[in-house]
Amino acid sequence: MSGIHKLTMPKFGLSMTEGKVEAWLIDEGDEIEPGMEVADVETEKISGSVEVPPGVSGVLRRHVAQVGDVLPVGALLGVVAEPGVSDEEIEALVAEFQATFVPEEALEAGPAAQDVDVGGTRLRYIQVGEGDRAVVLLHGFGGDKDNWLFNLEPLADGRAVYALDLPGHGESDKRVADGSVEGLAATVVGFLDALGIETADLIGHSLGAAVAMAVAISAPTRVRSLALLAPAGLGREVNDEYLRGFVAAQSRRELKPHVEKLFADPALVTRDLLENLLRFKRLDGAQAALAAVLDGFVSEGAQSAVLAEDVVALGLPILVVWGAEDQVIPAGHAGALGGKASVHVLPGRGHMVHMEGAGEVNRLLADHLS
């Protein structure tokens with residue numbers, strides 16, 4: 001129907017099949033425009049916001065989904081239309097959609113995880129998409145490849161995207177021979193070698209961003225560009241209390257206040273997110289692995305590696321995205337790059353900027369990679 005647009009349950013990750021409507025952020029009768037956040041949705045991993053798609057504007061005429069509804073991906077959440085569209089036309093569209101909608105077939109999991117041996121260390125990774133251009137995603141301290149669940153599909157448009165678990169993290173080996181930024185970078189270079197990736201665009205978050213910079217410095221011919229999200233490695237300051245508290249926490253009660261520091265909105269920290277983190281921390285060798293990486297990353301409460309001067313000297317395209325409300329690493333560290341990077345500080349976002357502001361970050365990454 002002309003002049004009417006549907007808002008549907010988004011697919012935030014390759015394994016997402018349904019979401020719970022947590023809140024409407026826009027009232028019926030309000031005008032909306034592309035990129036505006038209209039509703040909060042909770043998934044099995046984390047809460048996210050439903051954004052108005054490109055090319056859609058008008059008035060939010062109907063909340064079809066109600067707060068508390070659990071709906072499959074693709075289900076109708078709301079209807080946007082111009083003021084001149086009649087209520088009868090909107091009701092007809094809703095009725096037709098509900099009568100014909102068939103949920104997509106559930107996926108038991110996302111892309112199949114694969115293992116690769118790098119110098120005697122088993123690394124677990126996933127690949128999404130195909131193409132001549134390779135993009136490698138490096139998560140932060142205590143994270144894993146699932147931290148990129150909101151970003152994988154958008155990045156995989158015409159590209160081969162690899163997300164790996166760094167040593168000691170996720171489903172990779174918990175033995176950490178060298179937990180320093182440089183040691184982790186050597187492992188990433190070995191990963192590129194093992195998969196036959198000659199050059200790659202590296203996207204890193206937090207500690208993963210410092211590792212990405214160290215890869216570029218040690219093997220400059222292997223890196224096409226850098227995208228650094230809330231990066232470590234640009235200054236000494238870091239929230240050591242958060243890092244030590246995260247490692248020490250052994251229960252949801254102990255862990256929650258530390259994980260809440262990762263987000264501008266602490267309500268995004270779900271029970272499932274905490275349970276997944278605790279499940280990892282209870283694996284054999286996980287605590288020792290985290291301690292080894294932390295000792296290699298931070299010394300006497302400050303970051304050990306400051307790489308800004310060396311990475312700027314490479315002349316690579318560099319994108320930096322930071323959350324203005326980052327409580328782990330201050331956004332002011334971006335100044336260390338001396339204006340040699342495209343820097344974006346997103347208001348209302350915290351340290352996990354690529355999850356909390358996925359839509360904004362994905363648009364910036366797409367422009368950076370184009």
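1. Two strands count as paired if DSSP finds at least two bridges between them; the strands themselves are DSSP runs of E, at least two residues, while helices are runs of H or I, at least four residues, and both are numbered from the N terminus. Quick caveats before the rest: this is a predicted model, where local features need pLDDT of at least 70, side-chain atom pairs count only at pLDDT 80 or more, and totals for chains, interfaces and linings use all residues. Residues are numbered from 1 along each chain as its sequence is written, and side-chain values use heavy atoms, with hydrogens and water left out.

2. On to the sheet. Four strands make an open sheet with antiparallel pairing, in the order β1-β8-β6-β3. Its edge strands, β1 and β3 (31-32), each pair on one side only.

3. Now β6 (residues 58-63). Two bridges tie it antiparallel to β3: Val-59 sits opposite Glu-31, and Gly-58 opposite Ile-32. Four bridges link β6 to β8 (residues 76-81), again antiparallel, and there Val-59 has Ala-81 as its bridge partner.

4. Ser-225 is buried, at a relative accessible area of 3%. Its side chain makes polar contacts with those of Asp-201 at 2.6 Å and His-368 at 3.2 Å. (A polar contact is a pair of N or O atoms within 3.5 Å; within protein, one must be able to donate a hydrogen and the other to accept it, and residues adjacent in sequence count only if both atoms are side-chain atoms.) Leaving out residues up to four places away in sequence, Ser-225 touches (heavy atoms within 4.5 Å) Ala-200, Asp-201, Leu-202, Pro-317, His-368 and Leu-369.

5. Last, the second largest pocket, with a volume of about 800 Å³. Of its 37 lining residues, Phe-12, Ser-49, Glu-51, Ala-358 and Gly-359 are the closest to the centre. (On a 1 Å grid over the protein atoms alone, a pocket is an open set of points where a 1.4 Å probe fits, with protein on both sides within 12 Å along at least five of seven lines; lining residues have an atom within 4 Å of a point.) The largest share of the lining, six residues, comes from α11.

Definitions and conventions:
Grid points are joined across faces, edges and corners, and a volume is the space filled by probe spheres set on the points. Buried means under 20% relative accessible area, exposed over 50%, partly exposed in between (1.4 Å probe, protein chains only).
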